[in-house]
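Okay, shall we get going?

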Amino acid sequence: MAAAEDSRPFAGLSDVSISEDIPVEGDISVPVGSSRRDDELSTLDEPVKETILRDLRAVGKKFVHVLYPKRSSALLRDWDLWGPLLLCVTLALLLQGGAADSDNQGGPQFAEVFVIIWFGSIIITLNSKLLGGTISFFQSLCVLGYCIMPLTVAMAVCRLVLLGVTGSVGFAVRLAVVTVSFGWSTFASTAFLTDSQPPNRKALVVYPVFLFYFVISWMVLTFSPSQ
Amino acid sequence: MASPNDLQFQEFEEAAELLSADPGASTLSIPATNSPPTASGGGEDVKLDLSEDEEGQEESSELLGGQKPAGGFWTFEYYQSFFNVDTMQVLDRVKGSVMPLPGRNFIKHHLRSNPDLYGPFWICVTLVFSVVISGNISTFLSQKGDPTYHYRPQFHRVTIAAVVIFMYAWLVPVGLWGFLKWRQGTERQIGGYSILETVCVYGYSLFIYIPTSVLWIIPHDWVHWTLILVAMVISGSVLVLTFWPVVRDDTRVMAVATVATIVVLHTLLAVGCKLYFFQTAPIPIPKPTIHGALNTTKPH
């Protein structure tokens with residue numbers, strides 16, 4: 001009969017019985033690797049202090065790179081604009097309180113410093129890109145902004161000098177400090193920027209950077225406190 | 001190269017004859033941004049000589065190297081074509097603007113249909129800051145002996161200098177170009193310059209004022225006026241040598257008037273800068289002693 005024939009291949013199965021004595025046990029484990037990776041990337045749960053410290057550490061690392069400029073790509077790879085903003089605000093604040101803010105014969109206003117630094121950086125970046133440079137826009141802004149650090153330090157030193165020493169000795173000290181930091185800034189920024197420029201136009205790209213830091217040095221040097 | 005003047009004159013005639021003989025012939029044209037094509041095959045195309053002298057060959061090959069601006073004005077490559085210069089080229093153009101030789105048209109000899117915007121822009125920026133900084137130093141030096149003088153950075157001058165110099169270096173060439181095109185339309189004038197070349201020659205002609213303004217730190221009046229004279233002669237002759245071949249085909253009166261206007265505007269810029277930024281007379285400070293006494297009593 002058909003039913004009997006059909007059941008023949010499975011006939012042996014009816015003899016098999018699973019006794020309750022044999023324990024069926026084992027481990028069914030679903031690999032949770034993917035969710036663990038998500039946990040590492042997701043910074044949503046970390047404490048706020050951790051988030052801020054991470055950014056601060058990145059900014060601090062770049063400051064160190066500016067202090068010892070060598071041809072490294074760290075500044076270019078992980079660019080950020082926190083550092084330039086911090087430096088720009090610090091420099092603009094330090095340049096306040098100068099000679100007679102009331103009449104317009106004084107030093108640069110806060111907004112003027114901001115405009116010079118940011119628009120200067122943007123124009124230099126555009127200039128470098130128009131001449132055929134391969135650096136990206138924000139990388140260049142990042143480098144130019146971070147390399148203002150020596151001049152900000154010089155500004156702080158100048159203000160301290162002006163508190164103590166006045167007259168030509170003070171001026172000579174300030175001149176020396178500003179000159180050294182101007183050279184440092186220009187050297188640091190060219191160390192980072194020249195690699196991305198076409199070879200026969202390097203001077204055309206370096207000159208605006210030189211002019212930019214020269215103008216900022218001029219602002220730092222001519223800061224004279226109100227009397 | 002013998003007698004460049006004759007060579008240039010022959011250029012125009014020969015090229016004009018060639019063109020009238022065969023209007024459909026290909027002409028080497030300088031890229032112009034806003035010119036509608038006229039029936040005669042590009043009215044403002046510079047008819048460069050297709051003759052066999054070496055300079056012509058160099059110019060042709062450079063032109064055929066593709067100097068036309070690429071893409072529309074909304075693409076980045078369009079503006080990149082205005083910065084297609086190397087360091088040596090910029091230095092060569094600067095040298096040409098400082099040492100004008102009669103017969104050497106700046107545009108023909110140095111620009112060679114590759115006008116750039118790098119030179120004019122950065123020369124203007126440098127001039128702005130050099131004028132302001134030198135003026136500040138000069139004022140300081142001339143009033144050092146005055147005990148009531150208190151040093152001021154005078155930073156507001158940057159804005160004023162920037163506005164004046166940029167307006168001169170960019171609006172005047174545009175106006176001159178428009179005027180020349182208008183005259184070209186009414187009178188038969190062979191060869192005009194594109195707007196870019198006019199801006200370029202004006203920008204490079206301002207270069208001599210940068211060392212002049214630095215030398216103006218010397219606080220003597222006669223030094224200032226001598227330097228102005230020298231700078232104006234050099235700078236003005238660059239402009240005159242460039243524009244004279246274009247306007248001399250016009251009526252005598254218009255030609256002289258055009259050249260005179262160019263020179264007068266240039267003079268006004270130089271003298272105005274000198275008078276405003278470099279004042280050798282002491283700036284009157286209103287009642288310094290009373291203010292000084294008040295300031296020392298007020299806590300700051």
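This is a predicted model: local features need pLDDT of at least 70, side-chain atom pairs count only at pLDDT 80 or more; totals for chains, interfaces and linings use all residues.

So, B:Asp116 and B:Arg93 form a salt bridge, with the closest N and O atoms 2.6 Å apart. Where do the two partners sit? B:Asp116 is in the loop between helix 5 (106-111) and helix 6 of chain B, while B:Arg93 is in helix 4 of chain B. They are 23 residues apart, and the pair links distant parts of the chain. And are they buried or exposed? Both B:Asp116 and B:Arg93 are buried.

That's one of five salt bridges that a search of the whole structure turns up over all chains. Let me show you another one, in chain A: A:Glu46 with A:Arg54, side chain to side chain, at 3.3 Å from N to O. The arginine there, A:Arg54, is partly exposed, at 35% relative accessibility.

Now the one I'd like you to zoom in on. How many salt bridges does the rule find across the interface of chain B and chain A? One. The pair is B:Asp86 and A:Arg201, and their closest N and O atoms are 3.0 Å apart. Why does this pair join two chains? Because A:Arg201 lies in the loop between helix 9 and helix 10 (202-221) of chain A, and B:Asp86 lies in the loop between helix 3 and helix 4 of chain B. On accessibility, A:Arg201 comes out at 12%, so it counts as buried, the cut-off being under 20%. B:Asp86 is at 23%, so that one counts as partly exposed.

Staying at the interface, there are also polar contacts: nine residue pairs across chain B and chain A, both residues at pLDDT 80 or more. As for which parts of chain B are involved, helix 3 (76-80), helix 4 (87-98), helix 6 (118-142) and helix 7 (156-186) each supply at least two residues of the side that touches chain A. Which of the helices gives the most? That's helix 6 of chain B, with nine residues. If you sort the residues on that side of chain B by type, you get 15 nonpolar, 10 polar and two charged.

Let me give you the overall numbers for the contact as well. Chain B brings 27 residues and chain A brings 33 residues. The area buried between the two chains is about 2,800 Å², and carbon and sulfur atoms give 64% of that. On the chain B side, the residues that lose the most area to chain A are B:Tyr118, B:Trp122 and B:Phe155, together 23% of what that side buries.

Okay, stepping back to chain B as a whole. How many helices and strands are there? Chain B has 12 helices and zero strands. Of its 300 residues, 46% are buried. And if you take the contacts in chain B between residues at least 6 apart in sequence, 77% of them join residues at least 24 apart.

Next, the annotation. UniProt, in an unreviewed entry, puts "transmembrane region" on residues 117-138, 158-180, 192-210, 222-246 and 253-277 of chain B. How do those spans look in the model? I'll take two. Residues 158-180 of chain B are 100% helix and 0% strand, with the end C-alpha atoms 33 Å apart. Residues 222-246 of chain B are also 100% helix and 0% strand, and their end C-alpha atoms lie 36 Å apart.

Chain A has the annotation too, again from an unreviewed UniProt entry, at residues 79-98, 110-131, 143-165, 171-193 and 205-224. Two of those as well: residues 143-165 of chain A are 87% helix and 0% strand, and the end C-alpha atoms are 34 Å apart.

A:Thr190 lies in helix 9 (residues 167-193) of chain A. What does the side chain of A:Thr190 reach? The backbone oxygen of A:Thr186, at 2.9 Å. A:Thr190 is also buried, with a relative accessible area of 17%.

That's my tour, over to you for questions.

Definitions and conventions: Residues are numbered from 1 along each chain as its sequence is written. Chains are lettered from A and ligands numbered from 1 in the order in which they are written. Side-chain values use heavy atoms; hydrogens and water are left out. Contact means heavy atoms within 4.5 Å. Buried area is the accessible area (1.4 Å probe) that two parts lose on being put together, summed over both. A salt bridge is a side-chain nitrogen of Lys or Arg within 4 Å of a carboxyl oxygen of Asp or Glu. A polar contact is a pair of N or O atoms within 3.5 Å; within protein, one must be able to donate a hydrogen and the other to accept it, and residues adjacent in sequence count only if both atoms are side-chain atoms. Helices (H or I, at least four residues) and strands (E, at least two) are DSSP runs, numbered from the N terminus. Ala, Val, Leu, Ile, Met, Phe, Trp, Tyr, Cys and Pro count as nonpolar, Asp, Glu, Lys and Arg as charged, and the others, Gly among them, as polar. UniProt positions are given in the numbering used here, feature names are shortened, and annotations may be inferred rather than shown by experiment. Buried means under 20% relative accessible area, exposed over 50%, partly exposed in between (1.4 Å probe, protein chains only).
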